[in-house]
Amino acid sequence: MTAYESPNAPGTDGHDAVVLAGGAARRLGGADKPGVRVGGRALLDRVLAACSAAGTTVVVAEPRPTARPVVWAREDPPGGGPLAALDAGLRLTTAESVVVLSADLPFLAGETVRALLTVLQREGADGVLATDADGRDQPLVAAYRASALRRGLASLRAEHGELTGLPLRRLTGSLHLTRITDPVASFDCDTWDDIAAARARIREHGHVLDEWITAVKDELGIDLDVDIGILLDLARDAAHGVARPAAPLTTFLVGYAAARAAGGPEAVAEAARKATALALRWAAEEDGPKASPGPPAPAGTAPATGAGAATGSDTVPGGSDTLPGGAGTVPGGTDSAGTGPGGSAPEPRPDAG
């Protein structure tokens with residue numbers, strides 16, 4: 001499978017990404033950890049979404065279906081540990097800046113990746129890594145200079161003959177590193193309790209909507225960032241000004257219109273603006289002045305009376321309360337024969353007969 005090509009993040013140089021996804025997951029009972037789902041998405045896919053701005057993304061693991069294309073690599077022998085996996089992935093990258101990530105980070109976001117790269121360029125260090133809630137270094141939530149990694153790996157190979165089984169700290173301990181604090185992004189899932197905590201967090205009120213929208217876009221293969229607030233405001237105006245079912249139907253039509261226009265977020269915003277204006281005009285007709293009662297009745301003509309007499313409160317401009325069939329019947333008013341639903345006929349005119 002070919003590399004995923006994507007524009008690089010604003011404010012960062014061209015960079016690649018290496019995701020290590022081949023661990024044994026012993027504390028999960030040997031479960032396929034990268035494939036465990038949190039918020040409906042596999043952990044690996046969540047990490048791939050966060051580093052989607054990389055020019056080339058290499059995943060070191062056995063190939064599997066993923067939400068976006070990647071380059072696959074495998075350490076030799078498989079299961080040789082993080083240093084061997086990093087070496088295998090790094091061989092397939094070309095950029096000088098490389099984001100190195102584990103595949104079990106449910107809350108890693110693109111903002112954290114951009115922050116790591118920005119600090120790397122500004123500080124001139126060999127690498128920048130995140131620290132967790134306890135202040136511990138997370139070398140697999142980090143951005144490094146590829147040249148520094150390659151030098152360190154070559155030195156370790158010369159010293160030990162191979163990289164298999166060596167801990168990652170043997171490499172990071174030889175580098176000049178700086179740090180950023182990001183306990184949310186560096187939260188990793190090593191146990192089923194960690195998985196349960198992650199699943200509970202994304203269902204909290206402050207997170208569930210963004211998580212759901214991201215999961216839907218991932219499922220449908222949509223790579224489009226839109227202003228959710230615009231769509232929510234539109235749904236509210238359509239529901240309140242027209243009818244509740246108008247909310248989901250209108251937002252669907254807005255998306256369809258934007259897609260037909262082959263547009264991005266701007267097309268969605270423009271379609272939403274038009275639909276919102278329509279919903280507000282629609283609602284204003286209900287709230288505006290009532291229709292004119294029409295010309296006065298001829299002299300000597302008595303107004304209609306009785307239980308079936310129509311009143312102004314029963315009439316909605318535009319005929320929205322007219323029953324199908326075109327007979328002009330208004331609920332609560334007189335029917336086309338002049339007889340109300342209660343059976344009372346209007347009083348005869350004085351000049352009748």
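Helices (H or I, at least four residues) and strands (E, at least two) are DSSP runs, numbered from the N terminus. By that rule, Pro77 of this predicted model lies in the loop between β5 and α2, and the strands include an open sheet of seven with the order β5-β4-β1-β6-β8-β7-β9 and mixed pairing. Residues are numbered from 1 along each chain as its sequence is written. Because the model is predicted, local features need pLDDT of at least 70 and side-chain atom pairs count only at pLDDT 80 or more, while totals for chains, interfaces and linings use all residues; side-chain values use heavy atoms, with hydrogens and water left out.

**The sheet**

- Strands of a sheet pair through backbone hydrogen bonds, either parallel or antiparallel; here two strands are taken to pair if DSSP finds at least two bridges between them.
- In the open sheet of seven strands, ordered β5-β4-β1-β6-β8-β7-β9, the edges are held by β5 and β9 (177-181), each of which has a single partner strand, so one side of each is left without a neighbour in the sheet.
- Direction ignored, neighbouring strands of this sheet are turned by 25° against each other on average, where axes are lines fitted to C-alpha atoms, for helices over the stretch in contact, and angles in general run from 0 to 180 degrees between N-to-C directions.
- Strand β1 (residues 15-20) pairs with β4 in the parallel sense over four bridges, and within this pairing Ala17 stands opposite Thr57 in β4.
- Strand β1 is also joined by six bridges to strand β6 (residues 97-102), the two running parallel, with Val19 standing opposite Leu101 in β6.
- Helix α3 (residues 110-123) packs on the sheet, where α3 touches β1, β6, β7 (127-131), β8 (137-145) and β9, and the direction of α3 makes about 55° with that of β8; contact means heavy atoms within 4.5 Å.

- β4 pairs with strand β5 (residues 71-73) in the parallel sense over three bridges, and the bridge partner of Val58 in β5 is Val71.
- From strand β4 (residues 57-60), Thr57 and Val59 point one way while Val58 and Val60 point the other way, and all are buried, a term that means under 20% relative accessible area, with exposed over 50% and partly exposed in between (1.4 Å probe, protein chains only).
- Gly55 is found in the loop between α1 (43-50) and β4, and Gly55 counts as buried because its relative accessibility is 14%.
- Although Gly55 and Gly14 are 41 residues apart along the chain, their C-alpha atoms are separated by 6.8 Å.

**Helix pairs**

- Two packed helices are described by the angle between their axes and the distance between the axes.
- The axes of helix α2 (residues 82-90) and helix α4 (residues 146-160) come within 11 Å and cross at roughly 130°.
- That angle makes α2 oblique to α4, given that angles under 35 degrees count as roughly parallel, over 145 as roughly antiparallel, 65 to 115 as roughly perpendicular and the rest as oblique.
- In this contact Leu83, Asp87 and Leu90 of α2 meet Ala146, Leu149, Arg150, Leu153, Leu156 and Arg157 of α4.
- The residues of the contact of α2 with α4 divide into six nonpolar, no polar and three charged, where Ala, Val, Leu, Ile, Met, Phe, Trp, Tyr, Cys and Pro count as nonpolar, Asp, Glu, Lys and Arg as charged, and the others, Gly among them, as polar.
- The axes of helix α8 (residues 228-241) and α9 come within 8 Å and cross at roughly 135°, which makes α8 oblique to α9.
- Leu231, Leu234, Ala235, Ala238 and Ala239 in α8 meet Ala246, Ala247, Thr250, Thr251 and Val254 in α9, and the residues of this contact divide into eight nonpolar, two polar and no charged.

- Most residues other than glycine have a negative phi, and most peptide bonds are trans.
- A cis peptide bond, with omega about 5°, joins Asp76 and Pro77.
- Ala262, which lies in the loop between α9 (246-260) and α10 (265-287), has a positive phi of about 55° although it is not a glycine, and Ala262 is exposed, with a relative accessible area of 71%.
- Ala279 lies in helix α10 and counts as buried at 6% relative accessibility.
- Leaving aside its neighbours within four places in sequence, Ala279 is in contact with Asp237 and Ala238.
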